[in-house]
Amino acid sequence: MTDQSAFSEDELNQLLHLPRQVAWAAVLAEDDGVIGTAKELYAGGKALVEAEQRDNDLVKALAARTPKGEAVGSARDEAVADALASAPAAIALVRGKGTEDDVHAYGQWLMDIAVEVSNSSRGVSGAEQEFIDQLAEAIKG
């Protein structure tokens, strides 16, 4: 397990921001109406909080520091593009300073967030599955 002290404050902020970006992009990937969006927002928040219970210490430490309820902003296309563009750099950052276990756990956390949010309303739609697939590719690098 890699300690947070291996990362600069800017690097930690990058790693902390991406899970929220992924959650927000998954919410916006498909318009599920007011109630569906509320369910997705709840699922995203829950996925962020529950990460504190994961097996990987780096992910637990990041989850404990992830700001709750802070808006990420941007429109659908921009949110999806931002999350997909940020994922490879964050994974590379963990790969450069962390262990392979940390890389896998961080990437899996991102994937779990996207799937949980997308599945929380009416199941995973075509647009949401497309985002999930693109995220998986972005994480692979």
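Visitor: What do the buried residues of α5 pack against?

Guide: This is a predicted model, in which local features need pLDDT of at least 70, side-chain atom pairs count only at pLDDT 80 or more, and totals for chains, interfaces and linings use all residues. Residues are numbered from 1 along each chain as its sequence is written, and side-chain values use heavy atoms, with hydrogens and water left out. Helices are DSSP runs of H or I with at least four residues (strands are runs of E with at least two), numbered from the N terminus; buried means under 20% relative accessible area, exposed over 50% and partly exposed in between, with a 1.4 Å probe and protein chains only; and contact means heavy atoms within 4.5 Å. On these terms, the buried residues of α5, which include Tyr-106, Trp-109 and Leu-110, pack against α1, α2, α3, α4 and α6.

Visitor: How far does α5 reach from its first C-alpha to its last?

Guide: The expected span of a helix is 1.5 Å times one less than its number of residues, and α5 has 20 residues. The reach in the model is close to the expected 28 Å, for it comes to 28 Å.

Visitor: Which residues touch the most other members of the largest nonpolar core?

Guide: A nonpolar core is a set of buried Ala, Val, Leu, Ile, Met, Phe, Trp, Tyr and Cys residues joined through side-chain atoms within 4.5 Å, and the largest one here has 41 residues. Two or more of its residues come from each of α1, α2, α3, α4, α5 and α6. In soluble globular proteins, nonpolar side chains tend to be buried together. The members that touch the most others are Val-22, Tyr-106, Trp-109, Phe-131 and Leu-135.

Visitor: At what angle do α1 and α4 pack?

Guide: Their contact includes Leu-15, Leu-18 and Val-22 of α1 as well as Ala-83, Ala-87 and Leu-93 of α4. Axes are lines fitted to C-alpha atoms, for helices over the stretch in contact, with angles from 0 to 180 degrees between N-to-C directions. With the axes 8 Å apart, α1 and α4 pack at about 145 degrees.

Visitor: How many nonpolar residues does the contact of α1 with α4 have?

Guide: In this classification, Ala, Val, Leu, Ile, Met, Phe, Trp, Tyr, Cys and Pro count as nonpolar, Asp, Glu, Lys and Arg as charged, and the others, Gly among them, as polar. Besides 3 polar and 4 charged residues, the contact of α1 with α4 has nonpolar residues numbering 14.

Visitor: Is Ala-26 buried or exposed?

Guide: Ala-26 is in helix α1, and, leaving aside neighbours within four places in sequence, it is in contact with Glu-40, Ala-114, Val-117, Ser-118, Glu-128 and Phe-131. Because its relative accessible area is 0%, Ala-26 counts as buried.

Visitor: What is the relative accessible area of Ile-139?

Guide: Ile-139 lies in helix α6, where its contacts, apart from neighbours within four places in sequence, are Ala-87, Ile-91, Gly-107, Leu-110 and Met-111. Ile-139 is buried, because its relative accessible area is 14%.

Visitor: How far apart in space are Glu-52 and Ala-64, C-alpha to C-alpha?

Guide: Glu-52 is in the loop between α2 and α3 and counts as partly exposed, because its relative accessibility is 31%. Although Glu-52 and Ala-64 are 12 residues apart in sequence, their C-alpha separation is 5.9 Å.
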